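Reader: Could you walk me through reading a protein–DNA model? I would like the general idea, then the case at hand.

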Protein chains: 2
Amino acid sequence: MESGTRSRTRRAILGAAAEVLARDRAATLADIARAAQVGRSTLHRYFPDRDVLVEAAVADAYLVIQQSIQDAAVDEGPPLAALRRLVTAMVDAGDRLLFLYGDSSVLEGYEAGDEPDSVAQMMADLIKRGQAEGVFDPDLAVQWIQDTLWALVYTGCDSAGRGVLPRHGVATAVIRMLENGIRVQSRGDVESK
Amino acid sequence: MESGTRSRTRRAILGAAAEVLARDRAATLADIARAAQVGRSTLHRYFPDRDVLVEAAVADAYLVIQQSIQDAAVDEGPPLAALRRLVTAMVDAGDRLLFLYGDSSVLEGYEAGDEPDSVAQMMADLIKRGQAEGVFDPDLAVQWIQDTLWALVYTGCDSAGRGVLPRHGVATAVIRMLENGIRVQSRGDVESK
DNA sequence: TTGGTTTGGGACATTGATGTCTCATTTGAG
DNA sequence: CTCAAATGAGACATCAATGTCCCAAACCAA
């Protein structure tokens, strides 16, 4: 078991790591400790070395995102609505996401897993389902759509952090771009408000 | 003036820097020197320290991209066609682009410039023109469209590097996504082949 | 060939991050 | 309150990257 205190500082460190590393992946352990409002020695006490810390932070961030996406019940309802829920869920996990996908080398081996609950698997299933039901363009490779989705959400979160987009408008902007591109919305085929 | 030999090794180093740093932004100067097939001391002879090297590599990559985009004559013809030329130009400069935009902190101050020929300026002008002519969605912020464009091109180049997209299909995929999103292409409003 | 230029490799000092350790102090549960 | 758990600060050795310097060898133009 783990003492409540220990568990709390542990989470504080993991959160700070994700946040700081998202902004500067070359950040020092001292930086992370400071952000977590924790002594550098305490950090080392929980995570022997940098690799262990990063690995734990990745696993943690991944779990948060995975949980968030699972709650979106992406396998239910019409694909378009599911996609919107998915994007919203991803945006909500924005901080962790910026960290997780800011450095592609940080993932290594996480997307390899084939467990049915893996983030990539859930996304791929949704995309395929949408294509099968004739809602998504079947000419586009599933992997490409998936990459695009990640990229747009990532960009959206990043833009919000820089003030380009209002925090609450990120999901909407991403969804809109995904569904219509930059074309003018000629007919009322978007949403009914 | 500069000796032909010097000019040649200088370019070799800059090219290697862009290539290596694109893959691993924490790469060592020794790594870069090796990739450039040059002694580490030679590298230091041309670029006193890391900052100078990175700055020079950024400037070089930026120039290449800028030139490539200028050749696309983005301010001429219908916006949609211009956009397609722009994307193609950006994709062609893919290698440099992955480096330049792989680490957002590397740009710092380059997008600040207001020279009419700056990459950002040309892109913004095109987007505004497209909106004014009723081809691009005027509800989307110019900056957001611009960020999206970069993100998609970046993702496309990256995907090509990982084999997800065929090298020659990158521009097409990006353009298609930009213009239509992932929706099925209901009517013949895309292109005439 | 000759002489200046350019290069590669190695020795070297420096610097900053890292990881280990100790000890005094604070915290929190009982 | 009391004691064990947890912490923060700092001293310390280590290590890798960096930047400087030097010299012998390769190179290139005249």
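Reader: How many residues surround DNA strand C, and which are the closest?

Author: First, some conventions. This is a predicted model, where local features need pLDDT of at least 70, side-chain atom pairs count only at pLDDT 80 or more, and totals for chains, interfaces and linings use all residues. Residues are numbered from 1 along each chain as its sequence is written, chains are lettered from A and ligands numbered from 1 in the order in which they are written, and side-chain values use heavy atoms, leaving out hydrogens and water. A residue is near a strand if one of its heavy atoms lies within 4 Å of it. Here 19 residues surround DNA strand C, the closest being A:Asp49, A:Arg50, B:Thr9, B:Ser41 and B:Thr42.

Reader: Which element gives the most to the surface near DNA strand C?

Author: Helices are DSSP runs (H or I, at least four residues), numbered from the N terminus. α3(B) gives the most, with 4 residues.

Reader: What does UniProt place at residues 28-47 of chain A?

Author: The unreviewed UniProt entry places a "DNA-binding region" there, though such annotations may be inferred rather than shown by experiment. Over residues 28-47 of chain A, the chain is 70% helix and 0% strand.

Terms used:
Helix = DSSP H or I, 4+ residues; strand = E, 2+ residues; numbered from the N terminus.
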